[in-house]
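The following note sets out several points for a colleague who is new to this structure. Please read them with the model at hand.

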Amino acid sequence: MMRKIAMAVGILMFSSTCVFAMSDRVGKFDAGFHVGGLVSDSGKVNAAAYYGGSVAYGVSDWFAVGVESGYGDSRTSFNIGGADHKALVSRIPLFVDLIFRYTKIEHDYVPYGVLGLGGLFTDIHGTGTLLSSNLKLDIDNSFAVKIGAGIDWFVTERWMLNFETSYVWADAEANVTNLAGGSTLDSARLDYWMVTGGFKYLFE
């Protein structure tokens with residue numbers, strides 16, 4: 001999947017120039033929807049499908065600010081005492097984005113870098129075999145930082161296709177604790193890679 005997305009981005013980067021004038025994005029909003037996948041650094045948190053949306057405002061030709069959020073469900077798998085314990089965890093990031101665009105009027109694509117500052121909100125669904133083994137899974141909401149790069153490709157003067165790859169650092173861990181003594185038996189970081197594709201619409 002990563003290889004296919006990289007190839008697609010490469011083709012767009014070296015595609016021919018557009019047949020229409022690039023729309024001016026200064027002082028305008030665009031909104032987008034994207035789908036993709038989350039791949040955790042920890043082997044104890046499974047990959048997940050991700051669905052998200054974003055809104056951005058063009059401050060200048062090269063700089064924009066925006067907000068974004070989304071939703072993804074992952075299964076956790078902790079082996080404690082020779083037994084696997086699983087639970088479903090929802091991850092909902094919320095970022096304020098600083099977007100740095102490389103805009104050239106003669107091109108129909110706009111590469112960009114993005115720095116997102118915000119939080120990662122979590123929700124645990126079900127206890128699986130944790131409760132029957134006198135265990136509990138705890139995950140706190142946390143501060144998070146996102147760094148990524150992507151490309152907007154104008155297919156018309158208003159509609160864009162979008163591809164983005166990013167990495168999210170979360171100041172949180174998934175901790176399995178013993179209800180009897182309160183000790184932590186196992187833990188996993190919630191940092192993850194995110195790869196998405198979707199579309200955006202530029203408002204006049």
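1. Strands here are DSSP runs of E with at least two residues, numbered from the N terminus. The model is predicted, so local features need pLDDT of at least 70 and side-chain atom pairs pLDDT 80 or more, whereas totals for chains, interfaces and linings use all residues. Residues are numbered from 1 along each chain as its sequence is written, and side-chain values use heavy atoms, with hydrogens and water left out.

2. Strand β6 runs antiparallel to strand β9 (residues 173-178), and five bridges join the two; strands count as paired if DSSP finds at least two bridges between them. Within this pairing, Thr 177 of β9 stands opposite Lys 136.

3. A barrel is closed by eight strands with antiparallel pairing, in the order β1-β2-β3-β4-β5-β7-β8-β11. From one strand to the next, the twist averages 25°, with axes taken as lines fitted to C-alpha atoms and angles running from 0 to 180 degrees between N-to-C directions.

4. Strand β3 (residues 63-80) and strand β4 (residues 83-101) run antiparallel and are joined by 16 bridges. Phe 63 has Phe 100 in β4 as its bridge partner.

5. The whole structure contains 10 aromatic pairs. Rings of Phe, Tyr and Trp (its six-membered ring) pair if their centres lie within 6.5 Å; planes under 30 degrees apart are stacked, over 60 edge-to-face, and the rest tilted. One of the pairs, Phe 33 with Phe 199, is tilted, at 6.2 Å centre to centre and 50° between the planes. Because Phe 33 lies in β1 (residues 29-40) and Phe 199 in β11 (residues 192-202), this pair ties together parts 166 residues apart in sequence. Phe 33 is partly exposed at 40% relative accessible area, and Phe 199 is also partly exposed, at 39%; buried means under 20%, exposed over 50%, and partly exposed in between (1.4 Å probe, protein chains only).

6. Tyr 167 and Trp 169 form an edge-to-face pair, because their ring centres are 4.6 Å apart and their planes stand at 70°. Tyr 167 is buried at 10% relative accessibility, whereas Trp 169 is partly exposed at 42%.

7. One aromatic cluster consists of Phe 33, Trp 159, Phe 199, Tyr 201 and Phe 203.

Terms used. Helices (H or I, at least four residues) and strands (E, at least two) are DSSP runs, numbered from the N terminus.
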